[in-house]
Each structure stands twice: as structure tokens, then as C-alpha cells.
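This briefing goes through one protein chain by topic. Keep the sequence and the 3D view at hand while reading.

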Amino acid sequence: MQWADASANRHKFHNKDLRSNLISTVEPGAFRGLAMLKRLDLSNNRIGCLSPEMFLDLGNLSKLNVSGNIFSTLPEGLFVHLNSLRILHFSTDYLFCDCQLEWLLLWARARSVRVGNETVCVYPTRLHGLTFRSLREHQLICDAPLELPLLQLIPSQRQLVFRGDRLPLQCTASYLDPSFTLTWSHERRPVGTQEEIGVYVEESIIHDCCLITSELILSNVDADVSGNWQCHVTSSRGNSSIGMEIVVLETSAVYCLAERVTSNKGDFRWPKTLAGFMAFLPCATPTYSSASHEKRAWRRCDKLGRWAEEDYNQCPYSSKFTRVLHELTQITVNTSNALVLARQLSSFTSSAAMFEDMMDVIFVTHLVERITRLVDHIRELGDYVSDVASNMMQVEEHILWMAQNEARACTRIVQCVERIADLIFNTHSQNISKVSPNIALEAFMVRPSSVMGLLCTVVQRSSLAPPVTDTGQSRPTGIVQAPGLLGDTLLNFRCHAANVTVSPTGQLSQSGNVGHTP
């Protein structure tokens with residue numbers, strides 16, 4: 001980012017807010033002409049390189065915020081031109097509190113500069129979470145073992161390749177000081193460029209003053225490249241390394257073919273895998289887990305070169321809807337949280353038309369069943385169960401069908417709605433009326449001995465007349481003609497007011513209508 005002289009009024013600016021602008025570079029003298037600037041906010045950008053010349057002509061600056069950028073340390077003398085600085089924020093996800101920041105601790109105390117409480121150490125582990133301002137000089141050391149915010153090798157898993165294939169390897173590490181270098185080895189022997197066998201080691205590249213990258217290219221794979229390859233980080237404060245294995249296959253080797261698998265856990269591209277081995281891939285969807293180990297999926301290639309067992313359980317669902325619903329099913333539902341959960345579920349399922357996975361329906365079913373069990377304790381839950389069931393009718397039919405086929409999900413939701421009436425009647429209610437956009441539930445408590453109702457009967461008999469050809473003419477009301485194994489049959493529907501204490505057969509006998517059509 002460069003600043004050009006804009007106008008003679010620039011010296012009047014007191015605040016400059018440049019946060020969240022994807023700025024990666026601030027050129028020397030970028031703020032020249034802003035001598036009256038008091039507050040500068042460069043937070044949440046992509047700045048990795050910082051130098052004293054960035055802050056030329058900012059002698060009146062009293063507050064500076066460079067938090068949320070990608071640097072892990074600050075070079076000595078960085079704020080030499082900021083004579084009026086009193087408040088400083090420099091928290092990052094990679095902040096390394098070691099001997100290289102001792103100067104800043106001493107400088108801040110000598111100049112009475114207050115470092116924000118949110119500026120905490122991320123590395124090394126022994127200082128993780130401590131506020132920078134609370135540290136003492138003896139804690140800021142650069143002793144081994146070396147601990148790196150980032151050390152990555154791509155590819156990271158075992159690679160199965162054939163003779164003549166080309167395979168690039170890329171190693172990336174945090175660049176904490178100029179003493180950092182990257183080198184390669186094969187089976188513990190140093191590796192450099194050897195053109196005669198197709199091995200090329202590119203010059204290391206430093207990115208944004210915070211990362212160093214080296215690339216090794218195997219341009220013509222031969223059997224000799226099989227084995228363990230390692231990338232080594234060497235520095236004045238210690239060393240570290242990371243490695244992977246290469247297996248060179250003969251053309252007659254048995255292996256599982258590379259395959260792309262797309263599921264509700266994401267898109268996985270499984271590499272060629274030697275028979276009898278397992279392949280691992282990182283989860284396609286970031287897990288954002290605090291756990292130190294990477295979440296992975298695995299797949300086994302059997303001895304015949306066929307993909308066999310597989311496990312994606314560690315990986316989160318790729319759909320936001322499925323992930324949220326799965327997380328809700330992990331909550332223990334009780335009387336203290338059921339109402340809040342029911343409200344959330346009702347609101348969340350209002351977008352059920354966007355559900356694309358049968359697991360969405362199944363997870364909702366689990367939650368509805370848990371909530372229904374508590375309706376007798378919290379009557380209001382019944383309304384939410386009805387609303388959720390109504391919302392789920394927006395889901396596309398084929399998804400509902402799959403959920404029903406897999407776990408009887410639709411039947412179970414309907415049973416929950418029906419169960420509401422029983423649970424509420426236990427509280428001595430005499431009637432229930434719940435109306436949702438797609439469901440109407442009406443229930444009444446009645447005494448059979450005193451109710452006059454509508455009695456409907458159906459009488460079926462074989463037709464004595466020849467089959468009737470449909471000529472488009474209307475049939476008599478109440479007569480339905482249907483084909484049967486022994487010829488056509490007539491179904492006669494008759495409904496009339498009756499006392500339900502008398503059996504339907506008795507009603508028909510009294511009327512003398514059994515076996516006759518009107």
C-alpha cells in the first residue's frame with residue numbers, strides 16, 4: 001500500500017482507520033504528510049513485514065493498533081519515529097514471545113507505553129495465553145527446542161508413484177529470524193539439485209517476512225527415490241524437521257485406483273494406494289477444533305486392490321444445516337433448556353426447504369422426540385413440536401423418502417404430533433387446537449354414551465350386471481365401481497346421524513340395507 005500526497009489539508013487528520021482492508025504491504029513513508037495524526041488503526045489486515053520507515057512523519061501518533069495481522073515478531077527499533085506513542089496493540093494468532101521481543105518489553109516500560117491486555121503470547125507453549133505486558137525479561141528466551149507456529153510439507157501423506165512420474169514437494173515454515181534455512185534429505189542423506197537424475201531443489205523464498213518456502217521437484221521418478229524424504233529447518237535457536245514417504249510402484253504392482261468420493265462430509269480425492277495399505281486425508285471441511293491432532297478420514301485398500309473399509313466419522317458435515325443440527329443432537333435435553341432448544345429448532349427449520357441431506361431430517365427427528373418427552377412438564381413445547389413438524393413438510397419429497405427409508409423419520413415425527421394430544425389430556429384439558437401452516441391438530445374429550453355422531457358404512461357386493469364400459473357418463477351418487485379378481489364390485493357409501501352406542505351392524509340391520517344398494 002502506498003500513499004500519495006493528496007492535498008494541503010492532510011495535516012489536519014487526527015484519526016486514520018484502515019482496518020480490515022486486506023493490506024499486505026505498507027511502503028516506507030506511506031503516511032508522510034500526516035504529521036497531526038493521533039490514532040492509526042491497521043488491524044485485521046495481511047501485514048507481515050514491518051519497518052521503522054513505515055511510520056515516518058508520525059511523531060504525534062499516540063495510539064497504534066496493528067493486531068490481527070500475520071507477523072509473529074516485531075523488529076527492534078520499529079517505533080523509533082513514534083515519540084508520542086502511549087497505547088500499542090499488536091495481538092496476532094502467531095505472536096512468538098521470545099528473545100526477539102525483549103527490546104519491546106524494555107522500550108514500552110521506559111517510554112510508559114501501555115500494551116493492550118488482549119496482546120497475549122501464542123508461542124512458545126510455556127507462555128501461551130500470558131499477556132505481553134505481564135512478562136519479565138528472563139522469560140523472553142530463545143533456547144531450544146525450537147517451536148514453530150507453522151511447519152508444513154505438501155504432500156504430507158505417503159505417495160504412491162510410478163516410474164517416470166513427476167512429483168513436486170513443497171516445505172513451508174515460520175520465518176522467525178534471518179538465521180532460518182530449509183534443506184532436504186532422503187533416507188538421512190542431504191539432497192541438492194542433481195539434474196542427471198531429475199532432482200531439482202529450488203532457492204528458498206521468504207514470503208511477507210514471516211514464512212519461508214522451499215520446493216523440491218522429482219521430475220523423473222525412479223526406484224531409487226523410494227523411502228523417507230524430509231524437510232529440515234535449521235536456525236540459531238534450534239532445529240526441526242517434517243517428512244513423508246514415497247513408494248515407487250512397478251507396473252505389475254497391485255493397488256487401488258485414485259478415486260474421488262463426494263459425500264455429506266465433503267469432497268475427498270483418494271490417491272493411488274498400494275494393496276494392503278491405508279490412505280489418510282484431512283477433513284474436507286475445517287474442524288476448528290482445539291484438539292492438537294488433525295481430524296482425518298481414512299480408507300483401506302485390500303490385498304486385491306479394491307477399496308474396502310472407510311471412516312469419515314472424525315470429519316464434520318459439509319452442509320451448514322447438517323453441522324448445526326448434528327451439534328444440537330449432542331446437547332442433553334432437559335427441562336432447563338428444552339424451551340430454548342425448541343425455539344431454536346423451530347426457527348432453524350423454517351428454512352427446511354433448503355435441506356439437502358436425509359441426515360437433516362433424521363437429526364430433526366431425534367430432537368423432536370426428545371422435546372416431545374418433556375411436553376407433560378412444559379406444555380408450551382407442544383406448540384413448537386407442531387411447528388417443527390409443519391416446517392419439515394417443506395423438505396423435498398425424495399429427501400423425506402430417504403429419511404423415512406433409513407430411519408422411519410417421517411413416521412416418528414407424525415407419532416410425536418399425535419402424542420401431543422395424549423400428553424396434554426393428562427393435564428385434564430378438554431380440547432386441543434393447534435394450527436400450523438401445514439398441520440391442523442384438533443382433539444376433543446368426549447363421552448361415547450352421550451354423543452350423537454355421523455355414522456358412515458361401506459357395503460361391497462359383486463355386480464350382477466355386465467361390466468360397464470366408461471363412456472364418460474356420470475354414475476349415480478354414492479356408487480363406486482372397481483375391478484376385482486372375480487369380476488367388478490360396487491362400493492356403497494352411506495352416512496347418517498346415529499347414536500354411536502349402537503353397533504354399525506345393528507344400524508344396518510335396523511335399516512334393512514345390508515347387501516343392497518340404494
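How many residues lie between β14 and β15 in the hairpin that they form? There are two residues between these strands. The model is a predicted one.

**Strand pairing**

- Strand β14 covers residues 227-235, and strand β9 covers residues 181-186.
- These two strands run antiparallel to each other and are paired over six bridges.
- Within this pairing, T181 is found opposite T234 of β14.
- β14 also pairs with β15, which spans residues 238-249; this pairing is antiparallel too and has nine bridges.
- In β15, G238 is the residue opposite S235.

**Nonpolar cores**

- In soluble globular proteins, nonpolar side chains tend to be buried together.
- The largest nonpolar core here contains 41 residues, and L325, F355, L381 and M392 have the most contacts inside it.
- Helices that each supply at least two residues of this core are α2 (320-329), α3 (338-348), α4 (358-372), α5 (381-392), α6 (397-407) and α7 (409-425).
- The helix that gives the most is α4, with eight residues.
- Leaving aside residues up to four places away in sequence, M392 touches T349, A352, F355, V361, V364, L400 and I413.

**A buried asparagine in a loop**

- N69 sits in the loop that connects β3 (63-65) and β4 (87-89).
- Is N69 buried or exposed? Its relative accessible area is 4%, under the 20% cut-off, so N69 is buried.
- The N69 side chain reaches the backbone oxygen of L42 at 3.1 Å.
- A polar atom of the N69 side chain also lies 3.3 Å from the backbone nitrogen of N45.
- Not counting residues up to four places away in sequence, N69 touches L42, S43, N44, N45, R46, I47, T92 and Y94.

**Disulfides**

- The count of disulfides is six; three of them are described here.
- C49 is joined to C209, with an S to S distance of 1.8 Å.
- Why is the disulfide of C49 and C209 right-handed? The torsion about its S-S bond is about 100°, so it has that hand.
- C49 is in the loop between β2 (39-41) and β3, while C209 is in the loop between β12 (205-207) and β13 (211-218), so the pair ties together parts 160 residues apart in sequence.
- Both ends are partly exposed: C49 has a relative accessible area of 30%, and C209 has 41%.
- C97 is joined to C121, with an S to S distance of 2.1 Å.
- The link of C97 and C121 is left-handed, with -100° about the S-S bond.
- C97 lies in the loop between β4 and α1 (102-110) and C121 in the loop between β5 (114-115) and β6 (151-154), 24 residues apart.
- C97 is buried at 0% relative accessibility, and C121 is buried at 1%.
- C99 is joined to C142, with an S to S distance of 1.7 Å.
- With -95° about the S-S bond, the C99 and C142 link is left-handed.
- This pair links distant parts of the chain, with C99 in the loop between β4 and α1 and C142 in the loop between β5 and β6, 43 residues apart.
- C99 has 33% relative accessibility and counts as partly exposed.

Terms used
Residues numbered from 1 in each chain as written. Predicted model: local features only at pLDDT ≥ 70, side-chain atom pairs only at ≥ 80, totals over all residues. Heavy atoms only, no water. Pairing = 2+ DSSP bridges. Helix = DSSP H or I, 4+ residues; strand = E, 2+ residues; numbered from the N terminus. Core = buried A, V, L, I, M, F, W, Y, C linked by side-chain atoms within 4.5 Å. Buried < 20%, exposed > 50% of the residue type's maximum accessible area, 1.4 Å probe, protein only. Contact = heavy atoms within 4.5 Å. Polar contact = N/O pair within 3.5 Å; in protein donor to acceptor, adjacent residues only side chain to side chain. Disulfide = S-S within 2.5 Å.
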